[in-house]
Amino acid sequence: AEFQGKLYAAGRFSMAGDIVANNIAVWDGIRLSAVGGGVDNMVLSLVVWNNKLIVGGMFDNAGGLAIHRVAAWDGSSWSALSLGISGQVWDMTVYNGDLIVVGNFGSAGGIGANGVARWNGVNWFPLSTGTDALTQSAVVYDGKLIVGGSFYVAGPTPANRIAAWDGISWSALGD
């Protein structure tokens, strides 16, 4: 992801080039650098939101702080998004100005949110009752949030692995 004119790369690694970089590194156009001590496990998604780089994955620590599965980097320090996520973050996007996090989890910030959660900068919210299994991807298309995964239900709606959220309710896509 590009953030503050630099390229951030993340995944599962301990070195970037010849520098120690715990699962996340930054390229400024000249050299690679570590990012604030990194995170202690795999990063699966990066997105820029609210003037911060949001990092999601399977970690419990960012820059020495107890931060669970989703963290914000402002260019100089890490911060938590409330209590974080109770499972794994697989993907993130921005929808209607809010951060959307999807993955394999049952709660966000201590609030029940099965596989899909919305962060408005202050609080976490579920999207109806979420999905009944892993949600792996999220993208905005035609004014709707589209999610995909191994689920069969989104909210109360039968949905064969792909569903659309219009800001109020879920609908199925395809068969």
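Is Trp-73 buried or exposed? Trp-73 is buried, at a relative accessible area of 6%, where buried means under 20% relative accessible area, exposed over 50% and partly exposed in between, using a 1.4 Å probe and protein chains only. Keep in mind that this is a predicted model, in which local features need pLDDT of at least 70 and side-chain atom pairs count only at pLDDT 80 or more, while totals for chains, interfaces and linings use all residues. Residues are numbered from 1 along each chain as its sequence is written, and side-chain values use heavy atoms, with hydrogens and water left out.

**Figure 1. The whole chain, before we zoom in.** The chain has 24 strands and zero helices; both are DSSP runs numbered from the N terminus, with at least two residues (E) for a strand and at least four (H or I) for a helix. The radius of gyration is 16 Å, close to the 16 Å that the globule rule gives for 175 residues, so the chain is as compact as a globular protein of that length. Here the radius is taken over C-alpha atoms, and the rule is 2.2 Å times the number of residues to the power 0.38. Along its principal axes, the C-alpha trace spans about 50 × 30 × 25 Å. Of the 175 residues, 43% count as buried.

**Figure 2. Two tilted tryptophan pairs.** A search of the whole structure finds four aromatic pairs. For this search, rings of Phe, Tyr and Trp (its six-membered ring) pair if their centres lie within 6.5 Å, and planes under 30 degrees apart count as stacked, over 60 as edge-to-face and the rest as tilted. One of the pairs joins Trp-73 and Trp-78, tilted at 50° between the planes and 5.0 Å centre to centre. Trp-78 is buried at 8% relative accessibility. Another tilted pair is Trp-119 with Trp-124, at 5.1 Å centre to centre and 45° between the planes. Both Trp-119 and Trp-124 are buried.

**Figure 3. Tyr-8 and its surroundings.** Tyr-8 sits in strand β2 (residues 6-10) and is buried, with a relative accessible area of 5%. Setting aside residues up to four places away in sequence, Tyr-8 touches Ala-1, Phe-3, Ile-24, Ala-25, Val-26, Val-35, Leu-46, Leu-53 and Trp-73; contact means heavy atoms within 4.5 Å. Tyr-8 and Val-26 are 18 residues apart along the chain, and their C-alpha atoms are separated by 4.4 Å.

**Figure 4. Phe-125, partly exposed.** Phe-125 belongs to strand β18 (residues 124-126) and counts as partly exposed at 28% relative accessibility. Its contacts, not counting residues up to four places away in sequence, are Ala-117, Arg-118 and Asn-120. Ala-113 is twelve residues from Phe-125 in sequence and 7.1 Å away in space, C-alpha to C-alpha.

**Figure 5. Two loop residues with positive phi.** Most residues other than glycine have a negative phi. Asn-96, in the loop between β13 (88-95) and β14 (98-104), has a positive phi near 50°. This residue is exposed, with a relative accessible area of 60%. Asp-142, in the loop between β19 (135-141) and β20 (144-149), also has a positive phi, about 55°, although it is not a glycine. At 67% relative accessibility, Asp-142 counts as exposed.
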